[in-house]
Amino acid sequence: MVSPRRAVRRDGEMRQRGSADAETFRWDFAVSYADSDKPWAEWVAWHLEDVGYRVHIEAWDVVAGTHRPAGAHAVLTQARRLVAVVSENYLVADRVQTDWLSFWAADPGGLSRALLPVRVDDSPVPDLLFAQIAPVSLVGLGEDEARRRLLDAVDAALAGRVKPSVPPPFPAASAQASTSSPGPEGKKPGRDPSRTRVDSTSAEGRVTRLRPDDALAADVFVGRGRETGELLGLLAPAAHGARPVTVVSVSGMGGIGKTALALRAAADADTRGYFPGGVYVTDLQGYGAGPDRGALGGRRSSGPAHVYGPLLALLRPDDPVPQSPMEQHGAYHQALTVLAERGQPVLLVLDNVADPGQIVDLLPRQQAHRVLVTTRDLGLGDFYGLPLAGLDVGAGVEVVDEVLRRRRPADRRATRQSESARRLVDLCWGLPLALRISAALLAEVPSRPIGELVADLADADNRLDHLDDGRQSIVARVLEPSWEHVRGHDPGAAELFQLLALNPSPEISTAAATALSGQRQAARGHLHTLQRAHLISWVATNRWRVPDPVALYAARRCADLESEVRHRAFERLLAHYQKEATEQARCAGWLLLRHNRPTSGPSTELAAWAARERALAWFTLEEPNLLGCVWWGDGRGLPGRLPSWRRYVVDLAAALTGYLRNNGPWLVAAEVHRLAADLATGLGDRTAQGIALNDLGVTYRLLGDERALLVLEQARRIFVGLGRFARRSGRAAARLGEANALNETAIVLNEAGRHEEALGVISRALRLYRWVGDPLGVANASKNLGATRYGLVRDARGGASLTSARGPLLAALDQYQQLDDRLGAAEARNHLGRLARRAGDVASARQEFVQALVLAQRVGSTLEEARAWWGIGDCQADVGENGGASYSLERADRLLARIGATTAQDRLTASLAEVRAASMSSRQ
C-alpha cells in the first residue's frame with residue numbers, strides 16, 4: 001500500500017522535473033550492498049517498497065536470463081537515487097565501487113541527495129566520500145525505530161530539509177520553568193525565608209548549610225550545562241526516575257571548577273525540592289596547602305571526626321552534640337536514619353577529598369540520601385565518576401566577559417575583542433580559575449587591550465607567573481598540592497612526572513614513558529598514579545596526555561633533576577623512538593617508501609597492506625614526538641647535544657621518509673632530509689648520505705624546487721663511487737641506489753619539459769633495475785617511461801604515438817597489480833586517465849581517474865587523491881559540468897595545500913579560475 005504523503009511527495013517531484021524526466025527513471029531507489037550485507041539490503045528494500053517506492057535490488061531483480069552488464073548500466077542510469085548499505089565490508093568491496101561513485105559523480109555537491117548512505121555497523125569510516133555525506137545510521141536500533149528512522153530520513157532527503165510541524169517552545173520560558181519549578185507542595189523551596197545559611201565550625205572542620213540563593217549567585221558559572229544536567233539526574237529522588245546512585249564523584253585537576261559545579265548542582269537540586277532535609281557542604285582539605293604538611297602532602301586534612309560535631313549541630317539543632325567521636329559517629333548515622341524515615345533526604349557535598357578514608361564513615365547507609373564528592377583523584381573509590389575537562393572557547397569567553405562586566409557593566413572588551421579573548425582562553429587552557437584571574441587582571445586597567453595580556457601570556461615560560469591574583473600564583477594554587485601529594489605517596493611517579501617534560505609533545509605512549517623512566521616494571525603503575533592525581537590524562541589504550549599547564553609546571557620540576565639524569569633519560573627516549581620508527585618502516589616495506597633501499601636490497605616479497613596501514617597510523621600518532629627528536633636542541637634543560645644524537649637522527653629520518661612523502665608537509669620533509677644528509681656526511685657514512693640526498697632530491701622534485709636535479713646527481717655519484725670497487729652484493733646495492741636517483745631525475749626532467757633527456761635517463765634506470773632484479777623498480781621505471789613518452793607527444797594527436805606511451809603504463813599497472821601495490825596502481829591509472837583525456841576519450845579518462853581516486857583513498861595517499869580529483873574535475877569541465885568541476889577541483893586544491901604542493905596548486909588555480917568563469921557565464 002502506498003503511503004499517501006510519500007505518494008504526494010514523489011508525484012510532486014516528478015511534476016517538477018517534467019513528465020519526460022519521470023519516464024526516464026524506472027526506479028526511485030537502487031540498493032547497493034556488499035554480499036555479506038544482503039540481509040540488511042533486503043530489509044531496506046522491503047520497507048521502501050512497502051510504502052510505495054519503486055526499488056531495484058540485485059537479490060530480487062537479477063534473475064535467470066538477466067544480462068548482468070546491461071542490467072547494471074540500466075540501474076546506474078535509470079534509478080533516481082542510490083541507497084548504499086555502508087559497513088566495513090562495503091568500504092572494501094570492489095564490486096560496489098562503481099555504484100556509489102557513479103551516483104556521487106552525478107551529484108558531487110549533494111544538492112539532489114542522489115547518494116544516501118545507510119550505516120549498519122559502527123566501523124570507522126575512512127576519509128572516503130562517505131565521510132563527507134550525512135548518513136542514516138541504523139546502528140543499535142530496534143526494528144521499529146530503525147524502520148521509522150529510515151523512512152523519515154528518506155522523506156527528509158526528498159524534501160531537502162526537516163522543519164518541525166509545530167513551532168518550538170520559547171527558550172526563555174522553558175529555562176524559567178526549569179529553574180523555578182515548584183516543590184512537592186506547590187511552593188518554591190528556595191524562596192522559603194526560614195531556610196537560611198547556618199554555619200557551624202570546630203577547630204579543624206567547617207560545615208555549611210547551603211542556601212541556594214547565595215550559591216546560585218556566588219560566582220561566575222558558565223559552560224557546564226551538560227554536566228549540571230547529568231548531576232541533577234543522578235541526585236534526583238527515585239520518584240523522578242533517578243538512578244540508584246548514592247555517591248557521585250566530580251574529579252578534575254585543580255582550578256577546573258569542580259567545587260563550583262558541585263555547589264551549582266546542589267543549589268539547583270535544593271531549589272527543586274529534592275532534599276527537604278537540607279544540603280550540607282564541608283571542605284575536607286585533602287589537598288589544602290600550608291606549612292603543616294601531613295601524610296596527604298598538604299595541611300593536615302579533615303576527616304569524619306572533625307565534621308561529625310558540626311554536622312550534628314545542623315542535622316538536629318535542638319539536641320546536644322555528644323563529646324566523644326565514637327558517640328558522635330553513632331548519633332550522626334541515627335540522625336540520617338530518622339530523616340530518611342521522615343522522607344527528608346539530605347545531600348552531603350564533601351569538597352576537596354584526597355583519600356576514600358576521609359569519607360567512608362560519613363557515607364549514609366540509606367539510599368534516600370545523596371553524597372556529592374569533589375576530588376583531584378580520578379579513581380577515588382568505586383563511586384560513580386564525572387571527570388571534568390577545561391571549558392570550551394565559547395564558554396571561556398563568557399567567563400571573561402562576565403567577570404569584566406561585574407566589575408564594570410560597560411566593559412565589553414570580551415565581545416569587542418573576540419579574537420583576542422578566544423586566544424586568551426586557549427592560553428589559560430580553559431581553566432575557570434586561570435580565566436577569572438586573567439579577567440581580574442584586565443579589570444584592574446579598563447583601558448588595557450586583551451591582546452596585550454595575550455602577548456604577555458604567549459611566552460610559555462612566563463605564563464604561569466603572569467597568572468597571579470596578587471596573593472598566590474596559579475602554580476601554587478592549582479598544581480603544587482597535587483605535586484606534593486604524588487611526591488609523598490609515590491616518589492617514582494614524581495620522578496617520571498618530572499621526566500615527562502623531556503618528551504617533545506604533550507602526548508606519550510606507555511612504551512615511551514617506560515623508556516623515559518628506565519623502570520620497565522613500575523612505569524605503568526606510576527602513570528596511573530599521575531592520572532589519578534590529574535597530572536596526566538588518559539587518551540586511549542596505552543596513551544597519555546600532559547595538559548599544557550601541567551607541562552609547564554613539569555618543565556620547572558624537571559630542572560630540579562641532575563643534568564646526568566635528564567641526559568640519560570632523553571637518550572633512552574630517543575633510542576625508543578628511533579627503534580620503533582625503523583621497525584614500523586621495515587614492516588611496511590616499499591609499500592610505504594615507494595622503492596627499495598640500497599641497504600635492504602630488492603625485495604620480491606609481498607608486503608602486507610595491513611602493516612602499511614598500521615605504520616601510517618603509528619607515524620601519524622607519533623609525528624610530533626619523532627620530529628621533536630629530530631629538531632631537539634638545548635631547550636629542554638639538557639647540556640648540549642647528545643653524542644649519539646647524530647646517528648639516531650640519520651636513522652630516524654630514513655624511517656620517516658615514506659610517511660613524510662605520503663602525508664607531507666614537504667617543506668618539513670626537505671628540512672629533515674637536508675639535516676640527515678649533513679649529519680651522515682659528518683659521520684662518514686656514504687651510503688646513508690646517498691640515501692638522504694636521494695630522499696631530499698625527491699622532496700625537492702615534489703616541491704618544484706630547481707635544486708632537485710643537482711641533489712639527485714650528487715646522490716647518483718655517491719652510489720657510482722660506492723659500486724666501483726665493491727663486490728657483487730655491494731655492487732648490486734650501489735646500482736640500486738644509482739637506479740633510484742636516475743628514476744627520480746627522469747621525472748624532474750620530464751616535468752621540466754626536457755622529454756628527450758628524460759627518455760635517455762629513464763632508459764638507463766630501467767636497465768639497471770632489470771640488472772639488479774628489482775620488480776618494483778621495473779614497475780616504477782615503466783610507469784615513468786610511459787609518462788615521458790606521453791610528454792614527447794603531448795602537443796601532437798595520433799593514436800600510434802599515444803599508444804606507444806600507453807604500452808609502458810599498462811605494463812606498469814600489471815606489474816603493480818601483481819605486487820599488490822595499490823598506490824602504484826593509483827599512480828598508473830592517473831597517468832592513463834591523462835592519456836585517455838588527451839586522446840579525446842573523456843569517458844574512459846573519467847573512469848580511470850575514479851578508479852585512481854578509490855585506490856588513493858584506500859591507501860591514504862593525499863597526493864594521488866588530489867591528482868585524481870583534479871582529473872575528474874577536468875573531465876567534468878570538458879563536458880560542461882562546471883558545478884561538479886568546481887567541486888572536484890576545489891577538493892584537489894585543499895589536498896594539495898595540506899601537503900604543501902605549492903607548484904601544483906599554482907597550476908590548478910588557473911584551471912579552477914577557468915571553470916568558475918565558465919560556470920558564471922552559463923548562469924548569465
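Q: What should I know about the model and its numbering?
A: Residues are numbered from 1 along each chain as its sequence is written. The model is predicted, so to speak of local features pLDDT must be at least 70, side-chain atom pairs count only at pLDDT 80 or more, and totals for chains, interfaces and linings use all residues, while side-chain values use heavy atoms, with hydrogens and water left out.

Q: How many helices and strands does the chain have?
A: Helices (H or I, at least four residues) and strands (E, at least two) are DSSP runs, numbered from the N terminus. Here the chain has 41 helices and 15 strands.

Q: What share of the residues is buried?
A: Buried means under 20% relative accessible area, exposed over 50%, and partly exposed in between, with a 1.4 Å probe and protein chains only. In this chain of 924 residues, 52% are buried.

Q: Which contacts in the chain come from residues 24 or more positions apart?
A: A contact means heavy atoms within 4.5 Å. Among contacts with a separation of 6 or more, 70% are between residues 24 or more positions apart.

Q: Is strand 4 enclosed or open, and why?
A: Look at burial residue by residue. Five of the five residues of strand 4 (residues 115–119) are buried, so the rest of the structure largely encloses this strand. Leu115, Pro117 and Arg119 point one way, Leu116 and Val118 point the other way, and all are buried.

Q: Which strands join strand 4, and how many bridges are there?
A: Two strands pair if DSSP finds at least two bridges between them. Strand 3 (residues 79–86) runs parallel to strand 4, with five bridges joining them. Strand 5 (residues 136–137) is also parallel to strand 4, through two bridges. Val118 makes a handy landmark: Val85 stands opposite Val118, and Val136 is the bridge partner of Val118 in strand 5.

Q: What is the order of the open sheet of three strands?
A: The order is 13-15-14, with antiparallel pairing. Strand 13 (507–509) and strand 14 (537–540) are at the edges with a single partner strand each, so one side of each has no neighbour in the sheet. From one strand to the next, the twist averages 35°. Three bridges join strand 13 to strand 15 (residues 543–545), and Ser509 stands opposite Arg543.

Q: Which helix packs on that sheet?
A: Directions are compared through axes, lines fitted to C-alpha atoms (for helices over the stretch in contact), with angles from 0 to 180 degrees between N-to-C directions. Helix 23 touches strand 13 and strand 15, and its direction makes about 85° with that of strand 13.

Q: How do helix 23 and helix 26 pack?
A: Helix 23 (residues 510–517) and helix 26 (residues 563–588) pack at about 145°, with axes 7 Å apart. Residues that meet here include Ala511 and Leu516 in helix 23, and Leu573 and Tyr577 in helix 26.

Q: How are helix 34 and helix 35 arranged relative to each other?
A: Angles under 35 degrees count as roughly parallel, over 145 as roughly antiparallel, 65 to 115 as roughly perpendicular and the rest as oblique. Helix 34 (residues 755–772) and helix 35 (residues 775–792) pack at about 165°, with axes 9 Å apart. The two helices are therefore roughly antiparallel. Among the residues that meet are Leu759 and Ile762 in helix 34, and Ala781 and Leu785 in helix 35.
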